[in-house]
Amino acid sequence: MATTSASTPTALPSLSATNAVAKLAAVAAGAESGTEPAAAETDAEAYERTHVHGVYEAIAPHFSATRYKPWPAVASFLHAQAPGAVGLDVGCGNGKYLGVNPDVFMVGSDRSPSLIAHAGARCKQLQTQHGNTAGAGTGGEAGGAPVGLDVLVADGLSLPFRERAADFVICVAVIHHMSTPARRQNAIRQLLRCVRLGEAGSTGGQVLVYVWALEQGASRRGWEEGGEQDLLVPWVLKSQEKKQKQPKRQKGIQDQGTGGAPARPEGSEERAPAGSAEPGATPGPADPVFQRYYHLYRKGELEEDVLAAGGIVVRSGYERDNWWVVAANGPVHQGQQ
């Protein structure tokens, strides 16, 4: 049974998911020892279907309305890609990163059909704006620059993309929704599988991953080092909600590696429209409350997962409320391919 997490100072606190996740981990451990291997995935999938996929299907219109502005660090990563590069946005949500760099070709995927519907509408709008009336996925011209976008429904643990074909991948605020360490590492392994291999002296295609951090002592959530890492975070849909002020722009990334750029953290929610409320709002008698599962990453854990997935860490850092990493496959030496 979920219990209240006392460290969360919001009007509607998060709930502990520790016991539920521990049971999933125990089943997974049994699977590794050869007993009922299918049960581990089945139980974890059922848990995520209730506390992740089902929630996003239910709140998709309101969630999409609060996700409209690309975070500067992610936009910077996209603009750094070479013209004509091919990239993926895994867990693209409403597709707010599609078209940020019109000089690259991007395909977005998400587990939520409702969010993909929003992303598809965005693609069509961008194509129309750039003079292409044929719709998403057909390409267009914008001042001489190609515009190629498409979206599809896909599971992040079973991506349908061709192996080693992408030049880059972004995966923002997705992997923390996986309920076991093995599933989180497999998700990263899937991302690395999609990007091209490097050669001696070159890292090849790169993957940018963002996840919520456990270390959020300065935020309104108040989560801190040493606290529970597995939580159910509430999302309240309110019938009437006053417009909230736009948050002030955040300071840039504190880079732990060799590079970085400013970013809006996922923890700093964008303005909610009338009819919705961000996590922590006080629900009214008729306001539904949805519980989203999160694994809060501690310092160094994301890098550990990259290494466990067989990748290398190019650079990593912390932006308020988030850990991020740029990962790649290890260089392939002559004779290994």
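Tutor: The questions below concern this predicted model.

Student: How many disulfides does the structure hold?

Tutor: A disulfide is a covalent bond between the sulfur atoms of two cysteines. Cysteines are present, among them Cys171, which counts as buried at 2% relative accessibility, and Cys194, which is buried at 1%. A disulfide requires two cysteine sulfur atoms within 2.5 Å. The number of disulfides in the structure is zero.

Student: Is Arg164 buried, exposed or partly exposed?

Tutor: Arg164 lies in the loop between strand S6 (148-153) and strand S7 (168-172). Its phi is positive, near 60 degrees, although the residue is not glycine. Buried means under 20% relative accessible area and exposed means over 50%. At 32% relative accessibility, Arg164 is therefore partly exposed.

Student: Is Ala173 buried or exposed?

Tutor: Ala173 is found in the loop between S7 and helix H5 (181-194). Phi of Ala173 is also a positive value, near 60 degrees, in a residue other than glycine. Its relative accessibility is 15%, and the limit for a buried residue is under 20%, so Ala173 counts as buried.

Student: Which residue has its backbone nitrogen 3.1 Å from a polar atom of the side chain of Ser112?

Tutor: Ser112 sits in the loop between strand S3 (105-110) and helix H4 (113-129), and it is buried, with a relative accessible area of 5%. Leaving aside neighbours within four places in sequence, Ser112 is in contact with Tyr56 and Glu57. The backbone nitrogen at 3.1 Å from its side chain belongs to Leu115.

Student: Which residue in S14 is the bridge partner of Arg315?

Tutor: Strand S13 (residues 311-319) and strand S14 (residues 322-329) run antiparallel and are joined by eight bridges. The two strands form a hairpin with two residues between them, and Asp321 in the turn has a positive phi of about 80 degrees. Within this pairing, the partner of Arg315 is Val326.

Student: What covers the buried residues of H6?

Tutor: Helix H6 spans residues 301-308, and its residues Glu301, Leu302, Glu303, Asp305 and Val306 are buried. The helix is followed by Gly310, whose phi is positive, near 90 degrees. The covering elements include H5, strand S9 (206-212), strand S12 (289-295), S13 and S14.

Student: Is the pair of Phe77 and Phe168 stacked or edge-to-face?

Tutor: A search of the whole structure finds eight aromatic pairs. In this pair the ring centres are 6.4 Å apart and the planes stand at 75 degrees; planes over 60 degrees apart count as edge-to-face. The pair links distant parts of the chain, since Phe77 is in helix H3 (residues 72-79) and Phe168 is in strand S7, 91 residues apart. The pair of Phe77 and Phe168 is thus edge-to-face.

Student: What is the angle between the ring planes of Tyr318 and Trp323?

Tutor: Both residues are buried: Tyr318 has a relative accessible area of 17% and Trp323 one of 6%. Their ring centres lie 4.7 Å apart, and the pair is edge-to-face because its planes meet at 65 degrees.

Student: Which residue joins Tyr56 and Phe63 in a cluster of ring pairs?

Tutor: A pair of aromatic rings is described by the distance of the centres and the angle of the planes. Tyr56 is also one of the residues in contact with Ser112. Ring pairs link Tyr56 and Phe63 into a cluster with Trp235.

Technical notes
Residues numbered from 1 in each chain as written. Predicted model: local features only at pLDDT ≥ 70, side-chain atom pairs only at ≥ 80, totals over all residues. Heavy atoms only, no water. Buried < 20%, exposed > 50% of the residue type's maximum accessible area, 1.4 Å probe, protein only. Pairing = 2+ DSSP bridges. Helix = DSSP H or I, 4+ residues; strand = E, 2+ residues; numbered from the N terminus. Polar contact = N/O pair within 3.5 Å; in protein donor to acceptor, adjacent residues only side chain to side chain. Contact = heavy atoms within 4.5 Å. Phe/Tyr/Trp six-rings, centres within 6.5 Å; stacked < 30°, edge-to-face > 60°.
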